[in-house]
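Dear colleague,

Please find below the structure that I am handing over to you.

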Amino acid sequence: MTEHLSRADVLRGLGASAVGVAAGSLLGTGTASAAPEHPNVKLIRDYYAAYGSGDVNALRRFFADDIRWTIPGHHPLSGTKVGAEEVLAFFAELAKAGFRAEPIFLAADGEWVVDLHRGWSTRPEGLDITWALAFRIRGRRIVEAVNFAGDQHAADRFFWQVYPLAPVPDRLAGR
């Protein structure tokens with residue numbers, strides 16, 4: 001008895017083969033030797049290791065003095081932070097929520113590094129999404145970072161929960 005292959009079976013088989021070939025090419029599992037890691041990718045890997053240490057001040061060495069770090073959204077931490085001190089203050093706030101990040105993918109082209117990472121909170125638990133960052137590197141320092149949330153609505157809800165604004169009279173008292 002011969003087995004009948006449908007057109008869908010053939011296409012699925014070809015698709016799986018094509019995916020395997022493409023993945024082998026991208027991941028360097030073919031016969032060609034893997035290229036050395038781009039120095040800016042190495043810099044960002046080192047940045048994530050420092051971030052993972054929990055020592056916010058360890059991040060300072062990665063930032064240009066005039067760094068611009070943009071956090072999208074409609075929440076108390078959103079906006080563009082300018083200068084190393086503002087960016088470090090932002091990371092100090094993230095630390096209060098036990099915010100963690102684990103790189104998934106890094107790629108570089110010239111002065112840009114694109115990163116996908118898992119970002120999640122531990123205090124309180126609840127936010128666990130994929131983020132993308134575009135880093136611009138100059139002189140072995142991050143001069144710009146633009147952050148993109150995989151689920152901006154979830155990020156906004158989380159940050160409002162953890163970082164509520166002070167009541168209006170208190171916010172306006174300093175003016």
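I begin with a charged residue, Arg60, which is partly exposed, its relative accessible area being 36%. Please note that the model is predicted: local features need pLDDT of at least 70, side-chain atom pairs count only at pLDDT 80 or more, and totals for chains, interfaces and linings use all residues. Residues are numbered from 1 along each chain as its sequence is written, and side-chain values use heavy atoms, with hydrogens and water left out.

Salt bridges

Side chains of opposite charge can pair when their charged atoms come close. A salt bridge is counted here when a side-chain nitrogen of Lys or Arg is within 4 Å of a carboxyl oxygen of Asp or Glu. By this rule there are 8 salt bridges. One of them joins Arg60 to Glu85, at 2.6 Å from N to O. Arg60 is in the loop between H2 and strand S1 (63-71), while Glu85 is in helix H3, so the pair ties together parts 25 residues apart in sequence. Helices (H or I, at least four residues) and strands (E, at least two) are DSSP runs, numbered from the N terminus. Glu85 is exposed, at 52% relative accessible area.

A salt bridge also links Glu93 and Lys96, whose closest N and O atoms are 2.8 Å apart. These two residues are 3 residues apart in helix H3, and are therefore separated by about one helical turn. Glu93 is partly exposed at 23% relative accessibility, whereas Lys96 is exposed at 54%.

Arg138 and Glu111 form a further salt bridge (3.1 Å, N to O). Since Arg138 belongs to strand S5 and Glu111 to the loop between strand S3 (100-109) and S4, the pair ties together parts that are 27 residues apart in sequence. Salt bridges with shared partners join Glu111, Arg136, Arg138 and Glu144 into one network.

Aromatic rings

How many aromatic pairs does the structure hold? There are 18. Rings of Phe, Tyr and Trp (its six-membered ring) pair if their centres lie within 6.5 Å; planes under 30 degrees apart count as stacked, over 60 as edge-to-face and the rest as tilted. Tyr47 and Phe135 make an edge-to-face pair, 5.8 Å centre to centre with 65° between the planes. This pair links distant parts of the chain, as Tyr47 is in helix H2 (residues 39-52) and Phe135 is in strand S5 (residues 125-138), 88 residues apart. Tyr47 is buried at 3% relative accessibility, and Phe135 is buried at 0%.

The rings of Tyr51 and Phe91 have centres 5.6 Å apart and planes at 70°, so this pair is edge-to-face. Tyr51 is in helix H2 and Phe91 in helix H3 (residues 84-96), 40 residues apart. Both residues, Tyr51 and Phe91, are buried. Ring pairs also link a cluster that includes Tyr47, Tyr51, Phe91 and Phe135.

Strand S4

Ser121 is in strand S4 and is buried, at 4% relative accessibility. Leu116 is also found in strand S4 (residues 112-122), but Leu116 is partly exposed, at 33% relative accessibility.

Yours sincerely

Note on methods. Buried < 20%, exposed > 50% of the residue type's maximum accessible area, 1.4 Å probe, protein only.
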